[in-house]
Amino acid sequence: MRILFVAAEATPLVKVGGLADVVGSLPKALSELGHDVRVMMPRYGVIDAGRFSVATAIDDFNIRVMNTTKSVSLKVTELSDGGKVYLVDSADFSGSSEVYGKDALKRFFLFCRAVLEILPKLDWQPELVHCHDWHTALIPLWLKRNDYHYASLFTIHNLAYQGPFDDKFLSDSGLRRDWQSRPANVPEPPLNCMSQGILWADMVTTVSETYAREIVTPEYGERLDPLLRYRREKLLGIVNGLDYEEYNPATDPLIPANYDCSTLDKRIANKLALQKQAKLPENAEIPLIGMVSRLDEQKGLDIVAESLDFLLHKTRAQMVILGKGIEYYHGLLKQAANKYLKQLAVVIGFDNALAHRIYAGCDMFLMPSRFEPCGLGQLIAMRYGAVPVVRRTGGLADTVQDLTQNLGEGTGFVFHDYDSKALVTAIRRAVDAYQEKEAWRKVMQRIMALDFSWQASAKKYESLYYKTLELKGYAKSQSAVGLSRRFRRD
Ligand code: GLC
């Protein structure tokens, strides 16, 4: 199959969050299954021009958006692993150092329009267009409205970010007519881009089975649950995998000491190095809790903040927190770090090297999310032998099994209620269990041996793509005769 991924970010070009990891690594896993998968994203000013050289795929052309004329072109770059990435080039993206920022709605509106114009001009024609998150969610709508033959798939990585707009935008952008084209029995969509991906894509997926079940409820549905229930039969959860080449403690160049399941003793050097870097007492015996996260309520920062005093008072655990998010939590964490100099280190910002060092050096990895579509941190942590402490929600529920009391079975410490009491209880369980040296070591070996690579999930996407194409009647259309022969495997 020929599949085009359309997304706002992708490793190794630009990464803000987990979306980039998925768009960067799933295409590789699919090409290993024999498919031709390419990525299309904006050409941001922050993309390292020295590292990724580009060629022109489509010369400048004009498009009309929001009553102005914009000049757009298409570039293409080839990655070192052979992957091809198309970069939609327009001054709105290349002229700014931000990926998202305050003009995100207008910029991604332009991006979606540009993708629509580019598709028929492209010398490589996909059968399926796989769109990710709200930034690309108008594409499925316009593919339908313009009778394009491409099949479309829309993946929700996080329902909380929807690309909202007001009634004025609906008029100014010329979107109103398309907006009103929905069938009469469709629930009224809230005014945002995300709703259109959910409504119009041939298939809708999200990044774990549990999250797929959660988002059809009002509690997790972010006001899109009526629409999601309406499309329930076309909604599916497929858990994300991890790029096992990038995240491999045996070869990772970003950590002080490489190790695997059979050389766990070497891991201690990473712990001591992390303690040193974090200016905490260097002592292998003290349990060290790590957190790499966006610092906001989704990630559980409110209950972490509420628990800190108790935790650092009542246990001798150390904590290293790395991330960025809401100013309020930056201030609060920095204050706590000043108070608990010997126990808490906080680094505000993105730092990929430090993130790897935390995964490789901490004993426990904390993810107390209020909701979590999939979560990659817990997968990386397990790969690196850090035992996850997580709330039972979304992808965390699907990938971490609660440890039994004697640590004989299970893969992490799981709590259910979203409150600081439940969080503290889980951490205390972890800190106590850490004293059981032999049993703990076995847990580390067990979680490091789990397989969270993309292989299994890529196969699930593959069969979903086939199903989507069949649904679309691809096998019958003239242009797809060759395709249908190829994808019929009997
Ligand atoms: C979003 C979600 C996260 C998921 C990631 C990749 O960042 O919040 O749970 O792992 O997308 O799908």
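Domain bounds here come from an automatic or database domain assignment. The model is predicted, so to speak plainly: local features need pLDDT of at least 70, side-chain atom pairs count only at pLDDT 80 or more, and totals for chains, interfaces and linings use all residues. Residues are numbered from 1 along each chain as its sequence is written, and side-chain values use heavy atoms, with hydrogens and water left out.

**Exercise 1.** Work out how the two domains are arranged.

*Solution.* Start with the bounds: domain 1 covers 2–241 + 454–487, and domain 2 covers 264–448. Next, take the centres over C-alpha atoms; they are 33 Å apart. Then look for contacts (heavy atoms within 4.5 Å): 18 residues of domain 1 touch 18 residues of domain 2.

**Exercise 2.** Find out what surrounds the ligand.

*Solution.* First, list the residues near it (a heavy atom within 4 Å). There are 13, and His157, Asn240, Glu372, Cys374 and Gly375 come nearest. Now check where they come from: domain 1 and domain 2 each give at least three residues to the shell.
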